[in-house]
Amino acid sequence: MRVFRASIESAFIAVILSVMIGFVASGSARAQANLDIDTPAIRSLTASMQQRHAQLLPYYTSGAVGVSRDGLVALHNANAVPLAQRAQVNAIIAAENQDRLALYREIARANGHPEWEADIRAKFGERWVAKAQSGWWVQDARGAWRRK
Amino acid sequence: MSTGAVTRAIEVSIGDLAGPTFAAKAVRVALDGAGLAHARLQIGELTVFDRRWRDVEISCTAFRLEPSIIACDEGRLERPVALPIAFRHDASSGSTRIAVSPGGEERWTVEASGSDTRRVVVRAEAAAAARVHLLFPDLPVRIGGGVVDGTLRVEIPDTGDMQVDGEMRVRAGAFADAAGLHAGEGIVGRAALHAQGRGESWRWHSEEEWSQGEVFWSPVYSKAGFRLTAEGRFDAQTIEVANATLSMDDVGEIRASATIDRQSQEIVRASVETGELAVTPLYTRFLQPALAQTALGELRTEGRLRASMRWQNGKLTQAALDLEDVSAEDLRGRFALFGVYASLPWQAGGRTEGRIGMSGAEVQRLPLGAVGTFLDIRPEEVFIDDFAVPVLSGLLTLNDLHLRREADGIAWGVRAALTPVPLAEMLAHFGLPAMQGTLSGEIPLVRYAQSTLAVDGALTIRVFDGTVKVTDLVVDSPLGLAPRMSADLEAHNLDLALVTRAYSFGDITGRLDARIADLVLSDWKPVRFDARLASSPGDYPRRISQTAVENISALGGAGAAVAVQRSVLRFFESFGYSKLGISCRLREGVCRMGGIEDTPQGFMIVKGGGVPAINVLGYNRDVGWDELLTRLRRVIDSNVTPTIQ
C-alpha cells in the first residue's frame with residue numbers, strides 16, 4: 001500500500017484504501033492472508049481511473065452518470081448531456097466499469113483468492129455509494145435512484 | 001336567453017354513426033336559442049383509427065340546419081379538449097368538411113366527398129407534431145417539438161382497391177425518452193407513402209428523407225443525411241418488404257428485403273446487402289463515439305467494404321464481408337494495418353474459401369511486411385493456410401492458425417517460428433542501443449481461450465549466442481487492463497561479452513546461465529520470481545573489467561566499489577575470475593539477494609581467479625526492487641562510471 005500514501009489526499013484513493021483495509025479487517029481468517037495488493041496492475045488501473053475521474057466529475061454533478069449499487073457507474077439521465085456527447089458518455093462509463101471490474105478481479109487475484117472477487121466488488125459498491133458527494137445520484141439496495 | 005322572446009328547444013338523439021375510419025356512439029344534438037342557432041353535439045363514444053374518446057362535446061353558436069346543409073362555421077370542441085372547430089355537411093353533394101384551428105397557424109381539415117367513390121382528404125398545416133400522442137398515447141418516446149405539414153388522401157370506391165396517398169414534412173422535430181437514450185433534435189425531413197389494396201391485402205411503396213438534425217439512438221449517434229425508399233405488400237399471413245434502400249450521404253447504400261410471418265412474427269427470409277461503403281465516415285460517424293476510450297478509439301481509417309447477410313426461417317444462413325484497400329492507423333502509433341483486403345464468405349451449412357491479406361502493418365512502429373493467405377471457413381471455425389510475415393530482414397512463419405467460436409468468445413491457436421533477425425536492426429526501431437547477435441525462435445503452440453493465452457511446450461529464443469527457453473507461459477487477459485503473466489525462464493550459455501556490451505554495463509568475458517523460476521508479471525512488470533544468474537560451467541576465458549566490477553558493486557549499494565577505487569587494484573583494467581553469480585528472490589517489492597556463496601559479512605558475487613584476481617562481495621541482502629531498477633538504470637545510463645553516494 002506504499003504507493004497510495006503519496007496521493008492519499010484524493011478522496012478517490014481513500015475509497016480504495018478504506019475498502020481494502022475494511023476488507024482485510026472484516027474477517028479474521030482473511031486478515032491472516034498475506035495481502036499483496038500493491039501490484040503494478042492495481043497501480044495502472046487506479047491511475048487510469050483517477051485520470052478518468054476528472055472527465056466523469058461533471059457528469060456526476062449534472063446527474064447524467066450515477067453511482068450504481070454493484071460497484072460500477074451507470075447512465076442515470078442522459079438528457080443532461082448534449083446529444084452529440086451521449087455516445088461518448090456511454091464509452092466513458094464502459095471504460096470506467098471495465099477498469100473497476102479489472103480492479104476487483106486483480107485485488108482478489110493478488111490476494112491469491114480469486115473467489116473473493118464478488119465480495120470485494122460488493123464492498124466497493126457500498127463504499128462508492130457512501131463516499132459519493134451530495135448532489136450525486138446513487139442507487140439504493142433495491143436499485144432505485146436517489147439524489148444524495 | 002332573454003325573457004319575452006319566443007323560445008324553442010329541440011333535442012335529437014341520433015344514435016350511432018359509422019364510417020371507414022371512425023365510429024360515433026350515442027350521438028345527440030340539442031338545439032336552442034334564437035332561430036335554433038345554438039347547437040350542442042354530444043358523442044358518447046368516438047373512435048378514430050382505434051383510438052377512443054368518451055363524452056365528446058361540441059358547441060356551436062352559429063348553427064345552420066337547412067334541407068341540404070348542416071353547418072357550424074364557428075364551433076368549439078368543449079371536451080375532451082377545448083378547440084375551435086368548424087364543419088359543414090352538404091347532403092346534396094354528399095361532401096363534408098371539418099376544420100380545426102387549435103391556435104396560431106396550426107390548422108387541420110378533413111374533407112370527404114363523392115358518392116360512388118368516397119374521397120377523404122386530411123390536411124395538416126403547421127401542426128404540432130406532439131399531437132401524434134393523441135392517436136398513439138403509448139409511443140416509447142415523447143415528441144417534444146416539431147411542426148408538421150402534410151396531406152393524406154384516401155379513395156374508397158364501392159368496388160375495387162382503396163388508394164392511400166400521404167405526404168408529410170417535418171421541421172424542428174424533437175423527441176426523447178425519459179432516460180435520454182433515444183432522442184432527436186432539430187429534425188427536418190419528409191415522408192411519402194402510397195398504398196393500394198382492400199381488406200387485409202395491400203401493396204405499398206414509401207420514400208423518406210432525413211435532411212437535417214441529429215439523433216442519438218443508443219449506442220449510435222448520427223447526424224442527418226439519410227434517404228430510405230421501400231416497397232412491399234402485406235396480407236393476413238405475411239408482411240413483405242422488397243427493395244428497401246437506405247442511402248447515407250457520404251457512406252453509401254444498404255439494400256434490404258424481408259418476409260415476415262404475421263402469426264409467428266418470425267422472419268421467413270430476409271437479406272441485407274451493402275453497396276460499396278466508405279470506411280472513413282462509417283468509422284467516424286458510427287463507430288468512433290462508441291469506441292472512445294478503447295484502443296480503437298483514435299484511428300485514421302480509409303478503404304471500402306461490402307457486407308451481406310441472409311436469413312431463412314429465423315436463422316442466419318449466409319454472411320459475407322469484403323474489404324478493399326482498408327487501412328487503420330492508431331494515431332498514437334501503437335499499431336497500424338495498411339492495404340487490407342479480404343473476401344470472407346460464410347455459410348451456415350457448408351465450407352467456403354476466403355482470402356485475406358495486407359500490404360503491410362506496424363506494431364509499436366515495428367514494420368511488418370506484406371502478407372496474404374487463404375482461409376477454409378466452416379460454420380463454427382476457420383482454418384488459415386500457413387503464411388509468413390516479414391519482420392525486418394527476418395520472417396515470422398505462422399502455421400496451423402485456427403479460430404473457433406465458443407460459448408464465451410473466440411478461441412484460437414497457432415504455431416510460429418522466427419528466422420534470424422539482427423538484434424541491432426530490431427532494437428534500433430524501438431530507439432534502444434544497438435546490440436550484437438540475432439533473434440530467432442520457435443513457438444510450439446499458442447492457444448487462446450477464455451481470455452487466457454497459453455504456450456504449450458518451450459518457447460525458444462536464440463539470442464546472445466545462447467538460448468533462452470520459456471516454459472509454462474500463461475498470459476491472463478493479454479489485451480485487458482490488468483494482464484498477468486506467469487512463466488519459467490532458463491538461459492544457457494549466453495555470451496556475456498555480447499550481453500554486457502549491449503547494455504553498456506562494462507565488459508565481462510565469459511558465459512552465463514540463468515534461471516528465473518516462478519516469474520509473475522502484473523501489467524508486464526515483475527511482482528514475483530526466483531532468479532539465479534551464474535557463470536556457465538566449462539572451460540572458456542573469464543575476464544571482468546574494472547568498470548563491470550564497479551557497476552556490480554554499485555548495484556549492491558556503496559561499499560566494495562569504493563574499496564576497489566581506493567586500493568592498488570584501480571590500476572588494472574580487468575581481472576580474472578573463476579565464478580560469478582547473483583540471485584534475487586522477489587517478494588512484495590523486495591529483492592532478497594544472494595551470490596555464489598555466503599561469506600561472514602554477506603555473499604560473494606564474483607570469485608577471483610588468475611592474475612590479478614578480485615572478489616566482489618555483496619552486503620545488502622534486501623533491496624527494494626524499484627531501488628534496484630533505479631540503480632541498474634543509473635549504471636547503464638552513466639555508461640562508464642557508476643555514481644557512488
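**Interface and aromatic pairs of chains A and B**

Between chain B and chain A, three salt bridges are counted in this predicted model. In one salt bridge, the side chains of A:R105 and B:D476 meet at 3.2 Å, N to O. Polar contacts across the interface of chain B and chain A amount to twelve residue pairs, both residues being at pLDDT 80 or more. On the side of chain B that touches chain A, the elements giving two or more residues are β13 (182–198), β14 (201–217), α2 (279–291) and β39 (525–535), and by class this side has 15 nonpolar, six polar and nine charged residues.

The contact draws 30 residues from chain B and 30 residues from chain A. The area buried between the two chains is about 2,300 Å², with carbon and sulfur atoms giving 52% of that area. Of the area that chain B buries against chain A, 27% is supplied by B:Q293, B:L481 and B:E588, more than by any other three residues.

Over all chains, the count of aromatic pairs comes to seven. The pair of B:W210 and B:F226 is stacked, at 5.5 Å centre to centre and with 10° between the planes; because B:W210 lies in strand β14 and B:F226 in strand β16 (residues 226–234) of chain B, this pair ties together parts that are 16 residues apart in sequence. B:W210 is buried, with a relative accessible area of 17%, and B:F226 is likewise buried, at 13%. The rings of B:F529 and B:W625, with centres 5.2 Å apart and planes at 75°, form an edge-to-face pair, which links strand β39 to helix α7 (residues 625–638) of chain B across 96 residues; both B:F529 and B:W625 are buried. In chain A, one aromatic cluster is formed by A:Y104, A:F124 and A:W128.

Note on methods: Residues are numbered from 1 along each chain as its sequence is written. Chains are lettered from A and ligands numbered from 1 in the order in which they are written. This is a predicted model: local features need pLDDT of at least 70, side-chain atom pairs count only at pLDDT 80 or more; totals for chains, interfaces and linings use all residues. Side-chain values use heavy atoms; hydrogens and water are left out. Contact means heavy atoms within 4.5 Å. Buried area is the accessible area (1.4 Å probe) that two parts lose on being put together, summed over both. A salt bridge is a side-chain nitrogen of Lys or Arg within 4 Å of a carboxyl oxygen of Asp or Glu. A polar contact is a pair of N or O atoms within 3.5 Å; within protein, one must be able to donate a hydrogen and the other to accept it, and residues adjacent in sequence count only if both atoms are side-chain atoms. Helices (H or I, at least four residues) and strands (E, at least two) are DSSP runs, numbered from the N terminus. Ala, Val, Leu, Ile, Met, Phe, Trp, Tyr, Cys and Pro count as nonpolar, Asp, Glu, Lys and Arg as charged, and the others, Gly among them, as polar. Rings of Phe, Tyr and Trp (its six-membered ring) pair if their centres lie within 6.5 Å; planes under 30 degrees apart count as stacked, over 60 as edge-to-face and the rest as tilted. Buried means under 20% relative accessible area, exposed over 50%, partly exposed in between (1.4 Å probe, protein chains only).
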